[in-house]
Amino acid sequence: MKSRQILPLLVLTVLALTTCRRERDVLPLEDYYGYRTTGNVTIRRLGNGGPEYYLGIDQDSLRFTAEARDMDYKQVPAPLFSYWVDGKPMPNGAFLPTKAGKYNFRARLGPKESRPVTVEVIDPASLISRLYLGIRSGNPGIAFSDGSSRFEFFGVAVGLNGTSLPFDFRPGIRLYVDGLPQPTLEFIPTQEKRYRVKLKGFGKESNEIWIDAHPPDYYVTQVRLSMVQNGPEFQADEISKADFRVETLSREGRWVNFSAQPQREFFVDDRLSPGLSFKTRTPGVYRFKAKVFSRESNELTLSVLPPSESAIITIPIVFHLFNVAIPQAKLQAQVDILNKVFRDQWNPNNNPKAERHADLRLQFVLADTDPNGRPMPQPGRDYIDLGRARYSQKEISDKLGWDHYWNPDFYLNIYVANYTDTYLASLKGTWAGLGSYPWTRVALPGIIMVSGNPKPDFLYALYVIPDVFKDNYVTQTVIAHEIGHLLGLRHAFNEASCEQDEDYCDDTPAYPRHQYIPENLGTRRIGCDGMAFSATNFMDYYYGYENSFTLDQASRVRHILNYGLWLPTPANGRSNSHGRITGAPGFVKRPPVLRPVDWVACPAPEARPFGFLRRPADFDLLKE
Amino acid sequence: MQAGVGLEIGYSRRMAARLELSYVRKGAREVFGQRTDRLEATTKLHYAQLNLMPLILKPEWKRFPVTAGFGVYGGCLLKMSHRYTVNHGAVFSNVLLSDNFRSMDFGWTLSLGYQGFRLPLELRFEAGFRPILPSHGLQTPLYNRVLALHLTI
């Protein structure tokens with residue numbers, strides 16, 4: 001090649017090299033145009049994911065994750081997000097707050113930016129008005145100084161507005177015994193002395209609990225055994241039940257309930273019994289005795305009668321229909337279902353029943369006489385026209401219901417309306433049935449006990465939505481479930497944890513409620529004891545066979561039928577073997593001040609398909 | 001890469017005009033980064049392009065037989081593909097991205113040629129008048145910028 005030809009080639013080469021960008025220059029990710037097809041970017045806080053972060057309590061950094069989807073809502077694969085806090089980049093997607101305030105976090109993917117997630121960083125000291133110390137287990141009235149008593153405490157940080165704060169405060173607050181910090185919230189006395197226990201943290205101190213620890217024999221100069229039955233007669237039917245109480249007299253002359261084991265022993269016919277309740281299927285005379293530190297109690301005897309056909313109790317029902325047109329045949333059909341449910345005959349799909357399923361010997365009729373003593377043209381039907389379609393449960397339980405509260409000593413009142421809301425704000429309008437627990441004259445765990453014969457100062461009744469009258473396997477047992485609550489039964493599951501069986505019935509396996517989520521459709525549950533079982537109980541939520549009450553539940557219902565207030569039962573002087581009402585029962589007037597009620601509501605979750613039951617065509621509502 | 005046919009009409013010995021119809025493949029391999037993460041993207045744009053160079057100067061310097069031309073072009077986007085990989089992982093194809101690119105591209109052309117070889121060589125620079133990917137939020141708009149070496153048979 002001639003030299004004159006080299007020059008132009010050289011010029012062209014230099015031009016090419018200087019004009020082209022070097023191939024491996026790294027451009028900022030924000031300039032990556034491929035992310036233009038991203039539809040949206042969402043950011044989510046990792047960990048508890050909540051909108052609050054408590055300084056000194058939340059130990060970890062705030063961490064986030066993000067997700068991007070394209071216009072077709074398909075997830076964008078393997079994207080590179082950057083995370084920003086208040087417009088500043090957040091290295092590694094983590095942020096450790098040191099100051100209180102509100103922080104906005106965003107994720108960016110190229111040019112796309114997520115909506116912000118706001119986290120409020122809170123200094124707990126600014127929220128806590130006081131600390132409260134309580135005892136979770138252990139009896140401070142009986143503390144042994146030999147190391148055999150164990151106390152477990154709990155604390156509540158009370159906020160400025162008087163409510164307990166929704167966080168676990170333990171990292172910031174410690175338990176102090178006689179001024180010495182403890183590693184946990186537990187304490188075991190080892191000396192004979194008075195211990196002073198309190199919480200300290202965030203510049204606050206809790207109330208003080210005194211624990212007087214003594215040698216065991218200090219507490220036991222005398223032992224007393226007492227008994228409560230769930231009815232005047234005791235039958236060998238495993239429904240009659242006796243609950244015992246062991247008390248000891250201390251040296252200072254105080255009777256205290258003594259529950260500590262193994263120091264307390266309980267004997268039935270001289271045989272050691274693990275619990276303090278008694279049921280049997282064998283008639284006879286039984287002797288009961290307790291022993292505390294070898295000191296014996298008085299002896300009690302109980303005559304157990306052979307099981308007999310106890311009378312069936314009949315309860316008249318009145319449906320108060322607030323601008324709801326339910327056909328009379330539907331009301332009767334619902335009563336027919338109740339009569340099968342409470343007589344242990346409801347099992348339309350022939351599914352397995354609970355091992356200890358029971359007949360509650362309870363039946364219902366539509367009331368045929370109104371409170372003025374006049375025959376009702378359409379039994380059990382009280383149509384109320386107030387000129388509107390929807391009502392709030394609050395206004396019915398506070399006011400409107402009282403205008404139509406038929407004497408509950410004669411009727412079971414059921415208010416039917418298209419409800420807009422409830423006292424339980426979290427449920428919005430999604431509940432199917434709502435009720436409350438009874439009151440009793442004789443102690444029953446989980447139920448309020450009163451003496452005398454007070455008038456109701458809350459609307460002891462049921463509230464249901466019209467959908468429960470649909471011919472629908474899902475909704476047909478809602479009213480039966482709510483009547484169960486009204487007769488003292490609690491949900492078969494545990495609301496939160498497995499610390500105790502919350503329905504006080506040993507034959508309904510406890511399981512934590514969070515297991516019951518739509519994604520886990522099925523009858524299968526894993527109990528708190530780790531054993532799998534099928535949900536059969538009417539007091540469970542819907543995804544179960546819903547075909548059984550149990551013997552222990554029958555015991556509680558028998559207790560309420562014998563000692564519960566405001567029910568049309570023989571124990572309350574109503575001769576109702578046939579459900580007919582004589583005389584003029586009248587209405588109950590609203591008292592000037594209403595009592596706050598421990599409502600129990602059964603929400604209606606969104607419908608989900610499940611194949612193990614015969615799915616009805618009309619499937620728009622579930623009883624949860 | 002490009003290939004096509006052209007028609008050159010001489011005004012005189014030193015001036016000419018040229019019309020070309022060609023297939024042109026443009027595109028880029030780019031690396032985008034954030035901290036230690038790397039996103040490598042390959043974009044290919046296939047055009048049918050019409051070049052009009054109304055004035056090509058051919059000074060008759062014996063030692064340096066060069067040419068210089070100026071013109072405009074119009075391209076029709078036939079097909080576009082975009083693939084990317086993050087941190088040398090799996091390769092993904094973004095088929096939705098083609099909807100974001102303009103289907104037509106117009107621009108100007110500048111060429112420098114050398115005719116001292118048996119087959120004339122030409123270095124050509126092309127630049128679009130308007131973005132092929134319009135500005136979007138914070139991003140810089142994308143223009144076609146091409147430097148190509150032409151060999152005329």
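**Exercise 1. Burial and contacts in chain A**

Task: State what share of chain A counts as buried, and what share of its contacts with a separation of 6 or more comes from residues 24 or more positions apart.

Solution: The model is predicted. Chain A has 624 residues, and 37% of them count as buried. Turning to contacts with a separation of 6 or more, 67% are between residues 24 or more positions apart. The secondary structure of chain A consists of five helices and 41 strands.

**Exercise 2. Thr65(A)**

Task: Decide whether Thr65(A) is buried, partly exposed or exposed, and find which residues Thr65(A) touches beyond four places in sequence.

Solution: 
1. Locate the residue: Thr65(A) lies in strand E4 of chain A, which covers residues 62–70.
2. Count neighbours: Thr65(A) has 14 C-beta neighbours inside 10 Å.
3. Apply the cut-offs: buried requires 20 or more, and exposed requires 12 or fewer. Thr65(A) is therefore partly exposed, because its count is 14.
4. List the contacts: leaving out residues up to four places away in sequence, Thr65(A) touches Arg44(A) and Leu46(A).

**Exercise 3. The partners of E8(A)**

Task: For E5, E10 and E9 of chain A, find how many bridges join each to E8(A).

Solution: 
1. Strand E5 (residues 82–85) pairs antiparallel with strand E8 (residues 101–109) over four bridges, both in chain A. Within this pairing, Arg106(A) in E8(A) is opposite Trp84(A).
2. Strand E10 (residues 117–122) of chain A runs antiparallel to E8(A), joined by five bridges. Gly101(A) has Val121(A) as its bridge partner in E10(A).
3. Strand E9 (residues 112–113) of chain A pairs antiparallel with E8(A) over two bridges. Glu113(A) in E9(A) is opposite Arg108(A).
4. Examine the turn: E8(A) and E9(A) make a hairpin with two residues between them, and Gly110(A) in that turn has a positive phi of about 60°.

Note on methods. Residues numbered from 1 in each chain as written. Chains lettered and ligands numbered in written order. Predicted model: local features only at pLDDT ≥ 70, side-chain atom pairs only at ≥ 80, totals over all residues. Contact = placed C-beta atoms within 7 Å. Pairing = 2+ DSSP bridges.
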